[in-house]
Amino acid sequence: MLAKFSVQKPFTVLVAVVLIIILGVVSFTNMTPDLLPSIEMPMVMVVTTYIGASPEEVENEVTKPLEQSLSTLENIKSVSSTSNANASMLQLQFNDGINMDTAIVHIREKIEAVRGGWGPMIGNPFILNINPDIIPVTVAVVEGENLSVIDLSSFVTETLIYQLEGIEGVAAVTVSGNIQESVHIVLNQDKIIALNEKVRAAIEANFEDYESGIRSGLGSAYSGRNAANAGKDEIIKGQKQLAEQMQNARVQLTGARAQLTLLQIAAPALIQAQADVAAAQVVISTKEAAVQLANPAWTHEQVVAECLLDPDYAQAVTDLQLATDIAAQFGMTLNDLPDLVAQAQNAGTNIAAVDQALSELGIQEAVLTAQLGNLYADATAGAMVAQLTIVQLQQALT
């Protein structure tokens with residue numbers, strides 16, 4: 001079929017062949033060879049530093065959390081990791097055709113979610129997109145006439161490398177084989193020994209004077225330590241005495257308050273009792289006077305027996321006995337009843353005064369306790385300083 005078409009239309013075939021030849025020549029002349037063409041490889045490396053950590057710590061705290069998070073990325077093909085001392089390295093391989101810029105953005109988001117639980121010693125992860133562009137494309141050798149190796153190394157590291165890095169398109173320049181100057185100091189051991197002997201001789205010459213001063217200071221330090229310990233004992237004794245005195249005062253004030261509270265509660269009954277006593281005394285004295293006047297020859301006992309037959313008199317005697325019992329509860333007699341009533345009426349004011357005294361007592365106790373505590377702390381610090389001084393002086397003697 002093709003042969004028949006070529007025979008029938010040779011001109012058309014000739015034109016097609018010429019066009020193909022022209023296109024081939026043009027393509028060949030415009031095609032530039034590239035040893036390392038720009039290829040986007042679907043591989044990413046994540047490197048994280050962890051200074052001072054063992055491989056086990058790096059794996060548990062860095063590698064495993066990153067693996068668990070990054071393995072959930074879309075189009076992920078495989079995840080491999082290596083945990084070394086001080087560093088973790090993860091290699092991520094994606095499916096072909098993925099947009100690596102978008103993948104790196106998603107990787108950063110996953111890393112940020114994991115970084116929140118890391119300590120301050122873990123560095124920021126470094127993300128590296130693997131492609132041929134990171135491979136060095138030029139290796140050059142530098143030599144210089146009339147320059148030593150040291151001068152040539154200085155020229156390369158201090159001048160040439162910066163000029164090369166300033167050229168457009170140059171990403172980085174590394175130097176190898178350069179030589180750095182160093183100074184090696186060797187000490188003369190014999191001179192060191194001689195100098196040490198001179199120093200030792202000077203020290204031994206003045207050691208007796210130093211020893212006397214050290215022993216004098218040691219005695220003073222012992223005295224200071226003993227005085228500080230004695231002061232601590234006195235402070236502890238004072239704290240105990242203060243606690244006992246404050247407790248006794250608190251018990252007394254609390255008892256007084258309880259008694260005043262009882263008086264305050266009993267105030268209405270005491271007032272009524274006082275009125276009943278006055279009325280009863282009037283009834284008793286009036287009745288006894290009337291019976292005695294009617295029977296002058298009777299004794300007081302006969303008069304009382306006669307008066308008891310009167311219900312009013314008997315009630316008055318009962319009221320008087322009740323008032324006597326109430327007064328006895330407070331350690332008083334009927335003659336003390338007016339004073340007891342006055343105390344009951346002033347019980348509220350006295351209770352407030354007792355409460356104020358208890359509050360002031362608590363404040364005073366807190367202040368004194370704090371003062372004694374500060375004194376004890378100072379004494380303890382003084383004893384520790386004295387003990388440290390003793391140890392240092394003893395070491396100086398030896």
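This section describes the secondary structure, strand pairing, nonpolar cores and selected residues of a predicted model.

The protein contains 398 residues, of which 21% are buried. Its secondary structure amounts to ten helices and four strands, arranged along the sequence in the pattern α-α-β-α-β-β-α-β-α-α-α-α-α-α. Among contacts with a separation of 6 or more, 70% are between residues 24 or more positions apart. The accessible surface is about 27800 Å², and carbon and sulfur atoms account for 58% of this area.

Strand pairing is considered next. Strand β1 (residues 43–49) runs antiparallel to β3 and is joined to it by seven bridges; in this pair, threonine 49 is opposite alanine 87 of β3. Strand β1 also pairs with β4 in the antiparallel sense, over four bridges, and here valine 47 is opposite phenylalanine 126 of β4. Strand β3 in turn pairs with β2 (residues 76–84), again in the antiparallel sense, through eight bridges. Within that pairing, serine 81 faces leucine 90 of β3. Strands β2 and β3 form a hairpin with two residues between the strands.

In β3 (residues 87–94), the covered face consists of Ser88, Leu90, Leu92 and Phe94, whereas Ala87, Met89, Gln91 and Gln93 form the uncovered face. In β4, Ile127 and Asn129 lie on the covered face, and Phe126 and Leu128 on the uncovered one.

In soluble globular proteins, nonpolar side chains tend to be buried together. The largest nonpolar core in the model has 23 residues, and those with the most contacts inside it are Val44, Val46, Leu70, Leu92, Phe94 and Ile107. Two or more residues of this core come from each of β1, α3 (55–70), β3 and α4 (100–115). The greatest contribution is that of α4, with six residues. Leucine 70 is in contact with Val46, Ile76, Leu90, Leu92, Ile107, Lys110 and Ile111, when neighbours within four places in sequence are left aside.

With residues up to four places away in sequence not counted, threonine 48 touches Val62, Leu66, Asn86, Ala87, Ser88, Trp118, Ile122, Gly123 and Pro125. Asparagine 129 belongs to strand β4 (residues 126–129). Its relative accessible area is 18%, so asparagine 129 counts as buried, the limit being under 20%. On the same exclusion of residues up to four places away, the residues touched by asparagine 129 are Met41, Met43, Val44, Met100 and Ile104.

Backbone phi angles are described for two loop residues. Most residues other than glycine have a negative phi. Asparagine 75, found in the loop between α3 and β2, has a positive phi near 60°. The relative accessible area of asparagine 75 is 41%, so this residue is partly exposed. Asparagine 86 is found in the loop between β2 and β3, and its phi is also positive, near 80°. With a relative accessible area of 33%, asparagine 86 is likewise partly exposed.

Helix α5 (residues 149–165) comprises 17 residues. The distance from its first C-alpha to its last is 22 Å, close to the 24 Å expected at 1.5 Å a residue. A kink of about 40° is present in α5 and is centred on valine 156. Valine 156 is itself buried, as are Leu152, Ser153, Leu160 and Ile161 of α5.

Definitions and conventions
Residues numbered from 1 in each chain as written. Heavy atoms only, no water. Buried < 20%, exposed > 50% of the residue type's maximum accessible area, 1.4 Å probe, protein only. Contact = heavy atoms within 4.5 Å. Pairing = 2+ DSSP bridges. Expected span 1.5 Å × (residues − 1). Bend = angle between axes of the 7 residues up to and from the residue. Areas by Shrake-Rupley, 256 points an atom, 1.4 Å probe, with all protein chains shown as cover. Core = buried A, V, L, I, M, F, W, Y, C linked by side-chain atoms within 4.5 Å.
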